[in-house]
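Subject: Structure handover

Hello,

Please find the structure below. My notes on what was found in it follow.

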Amino acid sequence: MSARLSVLKLGGSVLRDNASYAAGARWLHARLALNQDERLVVIVSAQYGTTDDLLAEAQAVSADPCPQALDLLWSTGELRSVAVLALHLQAIGVSAVPFNVHQTGLVACPEQGRGADRLNGTAVRPLRLLAALAHARIVIVPGFLGVSAGGAITSLGRGGSDLTAVLLAAAVRADACELIKDVPGYFTADPHRRADARPIENLTFDDALRMADAGCDLVQRAALAAADAARLRLVIRSMDAAAPVTTVHPSHAVKDRSTDHGVRHQDDSRGPAVGA
């Protein structure tokens, strides 16, 4: 495929209401207009708060919901996001192909356990995705979810949409993998609370993984580890073109040594938190 291929992830923190989906559609439209040779795989999380609402709904029925039923219930949030964003793109004249979980090609082997522990047993079969990209400039994919070897829907752990983006970007050999958040990358403190918070322009995966181990969940730890293993450069940014951006490089790259603290923001429809 000769066109530039980028994988973009829109998290629940930026998909808060109908207006947010409309803004996301306009942003994607503008990006395509600016980069005429670019094709996009857009991974979406459930709308902000949806996953916790669905968990509460399940727990209202059963104090210990069965994992298979819970994963199936959770998937409705991501699938709604895919459909709503596709409809908003259609409304402004942009054709996008909406995928369901089984079309994505992300298979998590059941023997690897639940959630992010399945990383080592995860395979991506991107043939349907590549076929769709041969005819469309945007394919929208549900994040946070894969299927087991038997075809059952399974979740990839908190922050799992980050992992979806990394795994798909590596599988299709994307030119770029960008995680779109409600903060424009890593900061030395929470920019929502500290006026003196400074953006961090460059990190290595070693630094980002140490920050994740210290409680900084801006990017899911499993996603960072997968990107590091794939030697995949990550860009952490917001939709504001004027805002700073953080690039996370393979560990041999030059890094910014000023990163003593980081903002963590729990994405994929879960609430914010800040930690050092």
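Leu224 touches Tyr186, Phe205, Ala208, Leu209, Ala212, Val219 and Leu234, leaving out residues up to four places away in sequence; contact means heavy atoms within 4.5 Å. This is a predicted model, in which local features need pLDDT of at least 70 and side-chain atom pairs count only at pLDDT 80 or more, while totals for chains, interfaces and linings use all residues. Residues are numbered from 1 along each chain as its sequence is written, and side-chain values use heavy atoms, without hydrogens and water.

Leu224 also belongs to the largest nonpolar core, which has 43 residues; Val41, Leu129, Tyr186, Leu224 and Leu234 touch the most other members. A nonpolar core is a set of buried Ala, Val, Leu, Ile, Met, Phe, Trp, Tyr and Cys residues joined through side-chain atoms within 4.5 Å. Buried means under 20% relative accessible area, exposed over 50%, and partly exposed in between (1.4 Å probe, protein chains only). Helix α6 gives the largest share of this core, seven residues. Another core, of 22 residues, lies apart from it and includes Leu8, Leu10, Leu15 and Val94.

Next, the sheet. Helices (H or I, at least four residues) and strands (E, at least two) are DSSP runs, numbered from the N terminus, and two strands pair if DSSP finds at least two bridges between them. Eight strands make an open sheet with mixed pairing, in the order β3-β6-β2-β1-β9-β11-β12-β10. β3 (97-98) and β10 (202-204) are at the edges with a single partner strand each, so one side of each has no neighbour in the sheet. Strands β11 (residues 234-237) and β12 (residues 246-249) run antiparallel and are joined by three bridges; Val235 stands opposite Thr247 in β12.

Now helix α1 (residues 18-34). Its 17 residues reach 25 Å from first C-alpha to last, close to the 24 Å expected at 1.5 Å a residue; the expected span is 1.5 Å times one less than the number of residues. Among its buried residues are Tyr21, Trp27 and Leu28, and the buried residues of α1 pack against β1, β2, α3 (67-91), β6, β9 and β11. Ser20, also in α1, is buried because its relative accessible area is 14%. Leaving aside neighbours within four places in sequence, Ser20 is in contact with Val14 and Leu15.

Finally, the cysteines. The structure holds zero disulfides (a disulfide is a pair of cysteine sulfur atoms within 2.5 Å). Cys66 counts as partly exposed at 38% relative accessibility, whereas Cys216 counts as buried at 3%.

Regards
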